[in-house]
Amino acid sequence: MGKMTIDDLKKIKEQTSEETSLRHGAANVKITVHMGTCGIAAGAREVMNALMAEMGQTERQDIRVMASACLGMCSSEPNVTVAVEGEEPIVYQHMDANKMRQVFRRHVLEGEVQTDFALARG
Amino acid sequence: MKELALHILDVAENGITAGADRICITVKQDPAENRLEISIADNGRGVPEDVMKRITDPFYTTRTTRRVGLGLSLFENTARRCGGSMTIDSEPGQGTRVTATFVHDHIDRPPLGDMAGTLMTLIYSNPEGDLVYRRQSGDGEIVIDTKQVRKQFNNRPITDPDVFRHLMKQMEQIKTER
């Protein structure tokens, strides 16, 4: 191995900080499935189960999934909020297992907001 | 709700919201008595006395986002409709137990349904907490305890892929049932 350059050091620094942030479980994407009575009656469990299956197939360690209570918009349940770090959160409405898979693959993994299913921004 | 498993999910989520880190769900089927009993117990903060008085009133809720609270009133209604009843025992600071009974072969009784889906959702959405599921029937007893599962894997988190896969395997013994 030759002499280390500043660039090499920078690379090592970047790599280490990336690994450390993964180890400490920094979340870049938060997915919230709203599971109030209204959400559950409308099919939130199937949405959550589809999301769990997708999570099982990805190598990404920076995605957090959580369940929360009702948003107050019961008529558009099941609702799912996707919050990507540094971007406005998107609330999706009338979700089902298929739409959840699409939102996960396109929005969460590729950053492309699925406007067809979106209810609101922010 | 189309399934009793969805009521169970709903009531158990209340426990998680109340800060519980241990939820015990028991489903007891007694063929001799033609009875089905479901109980959901948590170690959350419990229900204050004044709230308890109105807890099954659909127009009462502690939330501010909307003016109705349907979870427990729906569950109670389902139990009553099926020749049974629902009781809530709570000790502030200790936890809450919701018990509902049903006439097992009542024509209006919803199926128990996809309990595995309910349990996986509860476990995944509350990975720090523990969950025990007991299914008792004439054929014997099935017990799934996430604490035991984590112990087998040296207390690795439940969301760890190996632990999760093992848990999925255990869920196979729970069948979607009537």
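## Model and confidence

The mean pLDDT of chain B is 91, with 100% of its residues at 70 or more; pLDDT is the predictor's confidence in each residue, on a scale from 0 to 100. This is a predicted model, in which local features need pLDDT of at least 70 and side-chain atom pairs count only at pLDDT 80 or more, while totals for chains, interfaces and linings use all residues. Residues are numbered from 1 along each chain as its sequence is written, and chains are lettered from A and ligands numbered from 1 in the order in which they are written.

Within chain B, confidence is highest in strand 2 of chain B, at a mean of 97, and lowest in helix 2 (residues 49-53) of chain B, at 86. Helices (H or I, at least four residues) and strands (E, at least two) are DSSP runs, numbered from the N terminus. For the complex, the predictor gives an ipTM of 0.88 and a pTM of 0.87.

## The sheet of chain B

Chain B has an open sheet of six strands in the order 3-4-2-1-5-6, with mixed pairing; two strands pair if DSSP finds at least two bridges between them. Strand 3 (86-91) and strand 6 (140-145) of chain B stand at the edges with a single partner strand each, so one side of each has no neighbour in the sheet. From one strand to the next, the twist averages 10 degrees.

Strand 3 of chain B runs antiparallel to strand 4 (residues 95-103) of chain B, and six bridges join them. In strand 4 of chain B, Val98(B) is the bridge partner of Ile88(B). Helix 3 (residues 71-81) of chain B packs on the sheet and touches strand 3 and strand 4 of chain B, its direction making about 30 degrees with that of strand 4 of chain B. Helix 1 (residues 4-17) of chain B lies across strand 1 (22-30), strand 2 (35-42) and strand 4 of chain B, at about 20 degrees to strand 2 of chain B. Axes are lines fitted to C-alpha atoms, for helices over the stretch in contact, and angles run from 0 to 180 degrees between N-to-C directions.

## Leu119(B)

Leu119(B) lies in helix 4 (residues 115-125) of chain B. Leu119(B) counts as buried because 24 C-beta neighbours lie inside 10 Å. A residue is buried if 20 or more other C-beta atoms lie within 10 Å of its own, exposed if 12 or fewer, and partly exposed in between, with C-beta atoms placed from the backbone.

Apart from neighbours within four places in sequence, Leu119(B) is in contact with Leu131(B), Tyr133(B), Ile144(B) and Met171(B); contact requires C-beta atoms, placed from the backbone, to lie within 7 Å. Leu119(B) and Leu131(B) are 12 residues apart along the chain, and 8.3 Å separates their C-alpha atoms.

## Chain A

The open sheet of chain A has five strands in the order 2-1-3-4-5, with mixed pairing. Strand 2 and strand 5 (118-121) of chain A are at the edges, each with a single partner strand, so one side of each is left without a neighbour in the sheet. Strand 1 and strand 2 of chain A run parallel and are joined by six bridges. Val29(A) has Ile63(A) as its bridge partner in strand 2 of chain A.

## Where the chains meet

In the complex, 18 residues of chain B are in contact with 17 residues of chain A. Helix 4 of chain B gives the largest share of the side of chain B that touches chain A, six residues.

Methods
Contact = placed C-beta atoms within 7 Å.
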